[in-house]
Amino acid sequence: MSDARPTTNGAGPLLELENLKQYFPIKSGLVLDRHVGDVRAVDDVTLTIRRGETLGLVGESGCGKSTVGRTILRLYKPTAGRVVFDGKDITTLGEGELRPLRRRMQMVFQDPFASLNPRHSIGRTVGEPLRTHRIAGRRETNARVRELLEAVGLPADAANRYPHEFSGGQRQRIGLARALSVNPDFIVA
């Protein structure tokens, strides 16, 4: 299979957030569903991340770290501000326009058990992005899954097991293997 990834010249930042805001509405009433206020989960965040750079957001529980990550990846539509990924403003892109970028931007979710389908084997879970983005055929996917599992410190035979058979730390490694499977440019963890 061919690598249909867009080429970049490497100039400029990989990610820029400009005055990013993410508010969640507070509603009141059963029938009228009136907007009575907002929870300001993220309020005016500006930052730049260059290629090869690692950035850690630090703060107390509930301060908006995960919300920033989800908003960057456009799992939430920002209330205000801009998200610029590799020179392209993705703030207002629709789902169809975001799809090609999803391969380049991955996430390792905070709760590893909730992010894994208990009915799917680990091999299927880690290989799913490869199939979704049409990166590899069945044989190549199986080989890549085993390689990824070993890279994150799990045995290759873990591919045949299910999420409940792993500890929390091992599940986190599975999430990391899944995120790494498509060789992304950017990972939110």
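This is a predicted model: local features need pLDDT of at least 70, side-chain atom pairs count only at pLDDT 80 or more; totals for chains, interfaces and linings use all residues.

A: Let's start with Phe24, which is partly exposed, at a relative accessible area of 28%. Its ring pairs with that of Tyr76 in an edge-to-face arrangement, with 5.3 Å from centre to centre and 80 degrees between the planes. Tyr76 is partly exposed too, with a relative accessible area of 28%. What does the pair tie together? Phe24 belongs to strand S1, while Tyr76 sits in the loop between helix H1 (65-72) and strand S3 (80-85), so the contact links parts that are 52 residues apart in sequence. In total, the structure has two aromatic pairs.

Now for the strand itself. S1 covers residues 15-28, and it runs antiparallel to strand S2 (residues 34-49), with twelve bridges joining the two. If you want a landmark along that pairing, look at Leu20, which stands opposite Val45 in S2. The two strands make a hairpin with five residues between them. In the turn you'll find Gly29, with a positive phi of about 100 degrees.

Staying with S1, go to Ile26, which is also in this strand. Is Ile26 buried or partly exposed? Its relative accessibility is 36%, so Ile26 counts as partly exposed. Together with Val36 and Val39, Ile26 forms a nonpolar patch on the surface, and the three share about 230 Å² of accessible area.

Definitions and conventions:
Residues are numbered from 1 along each chain as its sequence is written. Side-chain values use heavy atoms; hydrogens and water are left out. Patches are made of residues with over 30% relative accessible area and no salt bridge: like charges are joined within 9 Å, nonpolar side chains (Val, Leu, Ile, Met, Phe, Trp, Tyr) within 5 Å. Accessible areas come from the Shrake-Rupley method with a 1.4 Å probe; for residues, only the protein chains shown count as cover. A salt bridge is a side-chain nitrogen of Lys or Arg within 4 Å of a carboxyl oxygen of Asp or Glu. Helices (H or I, at least four residues) and strands (E, at least two) are DSSP runs, numbered from the N terminus. Buried means under 20% relative accessible area, exposed over 50%, partly exposed in between (1.4 Å probe, protein chains only). Rings of Phe, Tyr and Trp (its six-membered ring) pair if their centres lie within 6.5 Å; planes under 30 degrees apart count as stacked, over 60 as edge-to-face and the rest as tilted. Two strands pair if DSSP finds at least two bridges between them.
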